[in-house]
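Please read it with the coordinates open.

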Amino acid sequence: MSYLDLASHRLHYRIDGDAADRPWLLFCNSLGTDLTMWDGQASALSRSYRVLRYDRRGHGLSSAPLVPYALADLGNDVLALLDALAIERTHFCGLSLGGLTGQWLAVHAGNRLGKVVLCATAARIGTPESWNARIAAVRRDGLGAFVAATAERWFTPAFIASNPDAVGNVLDRFEMTVPEGYVGCCNALANADLRGEIAGIASPVLAISGVDDPVCPPSDLEALAAAVERGRHVSLVGRHLVNVEASSQFNAVLSDFLESR
């Protein structure tokens with residue numbers, strides 16, 4: 001296991017594919033998940049890329065500094081990891097809060113990114129009121145109370161029925177998330193609004209939506225693609241964790257975009 005010790009917390013990360021001449025590809029997770037949510041992508045793409053995954057602060061095997069967190073804190077964690085690993089430039093793929101983190105990086109540190117893939121995300125996700133209500137409920141009831149509703153938001157009923165092991169693994173990781181880390185990231189989501197900034201993103205952007213995603217519907221990803229200079233949108237079968245539900249199609253679309261000129 002590999003860790004980066006920062007002033008206030010420790011980040012757990014993993015690298016797959018070690019050929020020095022391959023470009024880097026960084027994956028950034030959704031709220032309430034860990035780096036294993038990208039197992040299907042790491043397996044397929046580590047033949048062509050050096051794949052970097054990490055657990056966001058307060059998630060997986062990363063520790064949770066004192067809350068609240070801001071989106072800039074999450075973005076600066078990524079930059080600290082890139083600096084520590086001497087990665088000057090990387091392609092980026094993030095989902096939900098990971099996609100919002102990618103937007104922040106593309107706005108504030110665009111020189112560090114190649115192509116950017118933004119999945120099941122938006123320049124503004126939810127409202128301060130909805131995230132503050134979520135924080136209060138998690139503090140009161142714990143994350144276990146949200147497992148059933150999370151499964152419904154993240155996966156279609158057909159996928160849940162046909163892939164119980166995959167769904168169960170994701171939900172187990174969700175329930176094991178440190179509550180304070182989850183709450184801290186909800187604070188970041190409550191205050192994050194990049195709608196006035198994303199037009200400045202210079203990187204090529206692929207926005208990927210799940211056709212039936214109730215959290216960030218296809219219209220949110222269409223808006224992202226339209227707002228940037230070099231953006232395009234693709235919609236795949238699935239709900240919020242579209243990379244898990246439509247893994248093969250997702251990998252094909254992702255590979256095609258990264259390899260295109």
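1. Basis. This is a predicted model, in which local features need pLDDT of at least 70, side-chain atom pairs count only at pLDDT 80 or more, and totals for chains, interfaces and linings use all residues. Residues are numbered from 1 along each chain as its sequence is written, and side-chain values use heavy atoms, with hydrogens and water left out.

2. Largest pocket. Its volume is about 260 Å³. A pocket here is an open set of points on a 1 Å grid over the protein atoms alone, where a 1.4 Å probe fits, with protein on both sides within 12 Å along at least five of seven lines. The volume is the space filled by probe spheres set on the points, which are joined across faces, edges and corners. Lining residues have an atom within 4 Å of a point. There are 17 of them, and L31, W131, R134, R153 and V215 lie nearest the centre. The elements giving two or more residues are α4 (128-141), α5 (147-154) and α8 (179-191). α4 has the largest share, 3 residues. Helices (H or I, at least four residues) and strands (E, at least two) are DSSP runs, numbered from the N terminus.

3. The largest pocket has 10 nonpolar, 5 polar and 2 charged lining residues. Nonpolar covers Ala, Val, Leu, Ile, Met, Phe, Trp, Tyr, Cys and Pro; charged covers Asp, Glu, Lys and Arg; the others, Gly among them, are polar.

4. Second largest pocket. This one holds about 160 Å³ of space. Its lining has 3 nonpolar, 4 polar and 5 charged residues. Among them are H12, R14, D34, D39 and R173. β2 (10-16) and α7 (164-176) each supply at least two lining residues.

5. Core. The largest nonpolar core has 89 residues. Such a core is a set of buried Ala, Val, Leu, Ile, Met, Phe, Trp, Tyr and Cys residues joined through side-chain atoms within 4.5 Å. I208 and F250 touch the most other members. α8 gives the most to this core, with 7 residues. Beyond four places in sequence, I208 touches residues including V117, L118, L221, V234 and F250; contact means heavy atoms within 4.5 Å.

6. H91. This residue sits in strand β5 (residues 90-95). Is H91 buried or exposed? H91 counts as buried because its relative accessible area is 15%; buried means under 20%, exposed over 50%, partly exposed in between (1.4 Å probe, protein chains only). Its contacts beyond four places in sequence include W24, Y49, K115 and L258.

7. Salt bridges. The count comes to 10, each being a side-chain nitrogen of Lys or Arg within 4 Å of a carboxyl oxygen of Asp or Glu. D5 pairs with R10, the closest N and O atoms being 2.8 Å apart. D5 is exposed at 52%; R10 is partly exposed at 35%.

8. Longer-range pairs. R173 and D34 form a salt bridge at 3.0 Å, N to O. R173 lies in helix α7 and D34 in the loop between β3 (24-28) and α1 (39-45), so the pair ties together parts 139 residues apart in sequence. R173 is partly exposed at 29%, whereas D34 is buried at 8%. R57 and D77 also meet in a salt bridge, at 2.7 Å, N to O. Both R57 and D77 are buried. One network, formed by salt bridges that share partners, joins R14, D16, D39 and R53.
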